[in-house]
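Reader: I am new to this structure and would like to learn how to read its features one at a time. Could we go slowly, with the general idea before each case?

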Amino acid sequence: MEIKWLEDFVTLADTSSFSRAAELRNVTQPAFSRRIKQLEDWLGATLISRATMPAELTSAGRNFLPVARDAIRTFHGVRETLRPSQDADLIRFAALHTLTVTFFPRWLGELEKAGAVFNTSLIPDRGGIEANLDALVGEEADFFLTYAHPEVPFHLDRGKFSSLTIAHDRLIPLVASNVLIGGGLQPGRNLLDQAIAQPRLTVPYLNYGFNSFFGVALSRLLVRRKPFRRRTVHENTISAGLMNMALTGAGVCWLPESLARDEMETGRLVPASADDGWNLDLEIRLYRHTEKRGRKVEDLWRTATRLLEREPA
């Protein structure tokens with residue numbers, strides 16, 4: 001068994017697409033498929049249902065996914081512990097998966113334009129709020145990059161940790177221009193509004209679950225807003241995986257505007273409601289330990305602070 005097989009499997013679970021997962025893993029799709037099959041042969045169990053589109057985990061696959069994530073974290077943690085000292089100048093970030101795709105590269109570019117270049121490493125998203133925070137609290141990471149919203153409190157000692165709000169985003173309900181409901185395609189635009197007006201209409205729903213940041217935020221939004229009938233057809237803690245499902249017409253999901261902007265501009269994804277009350281305004285925050293760390297860590301914090309001071313009010 002090879003660690004890359006586990007990483008392939010987790011990527012496939014996150015994206016629900018063999019082609020997209022192969023692209024992210026920088027291999028051809030046939031080679032990627034062979035590696036997934038090798039993992040299944042080694043385990044003696046089928047992890048992926050090939051009869052569905054997009055790809056779905058079997059019962060064995062769902063049971064194995066958290067084991068695979070834990071194994072990857074363990075091996076990478078050991079590697080970091082044993083890494084030679086020349087890598088000591090790497091600044092370690094724990095970050096939500098979506099931010100590593102949409103925000104982190106652009107933000108590092110802004111820091112570089114400000115005259116500061118940093119060597120960085122990313123700790124994989126651990127799938128839950130507390131698990132990601134533990135990377136910072138346990139000093140596996142120098143910084144934690146996360147979304148923030150008043151309805152999703154972080155249990156951090158303010159005397160020990162500081163934060164900067166370095167950007168903003170929105171979580172908005174989106175759906176494909178046509179969505180599959182009751183065996184037929186229906187227009188997706190303003191589907192939530194239709195469901196509220198027609199109580200018998202059941203909306204197919206793409207869910208984050210209850211452990212992820214967005215899962216917690218949405219559970220509270222849905223409680224305080226007017227109810228509508230919904231049926232969870234797919235669950236994934238990773239926004240990019242849910243977006244890929246939404247693009248097939250599988251259902252409604254809430255997505256960060258920064259992630260879905262291109263799909264919205266092309267019309268492949270459309271608003272599921274005309275009511276802005278279904279949107280959530282988000283902060284993007286950078287957390288760190290209050291006490292001083294290494295020079296590189298302090299330099300990055302000062303540069304990030306200067307960038308905010310230059311922004312117009």
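Author: What follows takes up a helix and its neighbour, and then a group of aromatic rings. Please keep in mind that this is a predicted model.

Reader: Let us begin with helix α10; how many of its residues are buried?

Author: The general idea is that an α-helix has 3.6 residues a turn, so residues three or four places apart point the same way. In this structure helix α10 spans residues 239-247 and is mostly covered, with 7 of its 9 residues buried. Those buried residues are Ser239, Gly241, Leu242, Met243, Asn244, Met245 and Ala246. Just after α10 comes glycine 249, which takes a positive phi of about 90°.

Reader: At what angle do α10 and helix α11 pack?

Author: Helix α11 covers residues 257-265, and α10 packs with it at an angle of about 20°, the two axes being 11 Å apart. Because angles under 35 degrees count as roughly parallel, α10 is described as roughly parallel to α11. The crossing of these two helices is right-handed.

Reader: Which residues of α10 and α11 meet?

Author: From α10 come Ser239, Ala240, Met243 and Leu247, and they meet Leu259, Ala260 and Glu263 of α11. Sorted by class, this contact of α10 with α11 has 5 nonpolar residues, 1 polar residue and 1 charged residue.

Reader: Now to the rings; how is a pair of aromatic rings described?

Author: A pair is described by the distance of the centres and the angle of the planes. In this model the count comes to 16 aromatic pairs. In one of them, phenylalanine 93 and phenylalanine 104 are edge-to-face, at 5.0 Å centre to centre and with 65° between the planes. Phenylalanine 93 lies in strand β3 (residues 91-95) and phenylalanine 104 in helix α6 (residues 104-113), so the pair links parts of the chain that are 11 residues apart.

Reader: Is phenylalanine 93 buried or exposed?

Author: Phenylalanine 93 counts as buried because its relative accessibility is 0%, and phenylalanine 104 is also buried, with a relative accessible area of 5%. Phenylalanine 93 forms a further pair, with phenylalanine 143, that is stacked, at 5.3 Å centre to centre and with 25° between the planes. This pair joins strand β3 to strand β5 (residues 143-148), its two members being 50 residues apart. Phenylalanine 143 is buried as well, at a relative accessible area of 0%.

Reader: Which residues do ring pairs link into a cluster?

Author: The cluster consists of Phe93, Phe103, Phe104, Trp107, Phe143 and Trp301, linked by ring pairs.

Note on methods. Residues numbered from 1 in each chain as written. Predicted model: local features only at pLDDT ≥ 70, side-chain atom pairs only at ≥ 80, totals over all residues. Heavy atoms only, no water. Buried < 20%, exposed > 50% of the residue type's maximum accessible area, 1.4 Å probe, protein only. Helix = DSSP H or I, 4+ residues; strand = E, 2+ residues; numbered from the N terminus. Axes fitted to C-alpha atoms, helices over the stretch in contact; angles between N-to-C directions. Parallel < 35°, antiparallel > 145°, perpendicular 65-115°, else oblique. Left-handed = near helix turned anticlockwise from the far one by under 90°. Contact = heavy atoms within 4.5 Å. Nonpolar A, V, L, I, M, F, W, Y, C, P; charged D, E, K, R; others polar. Phe/Tyr/Trp six-rings, centres within 6.5 Å; stacked < 30°, edge-to-face > 60°.
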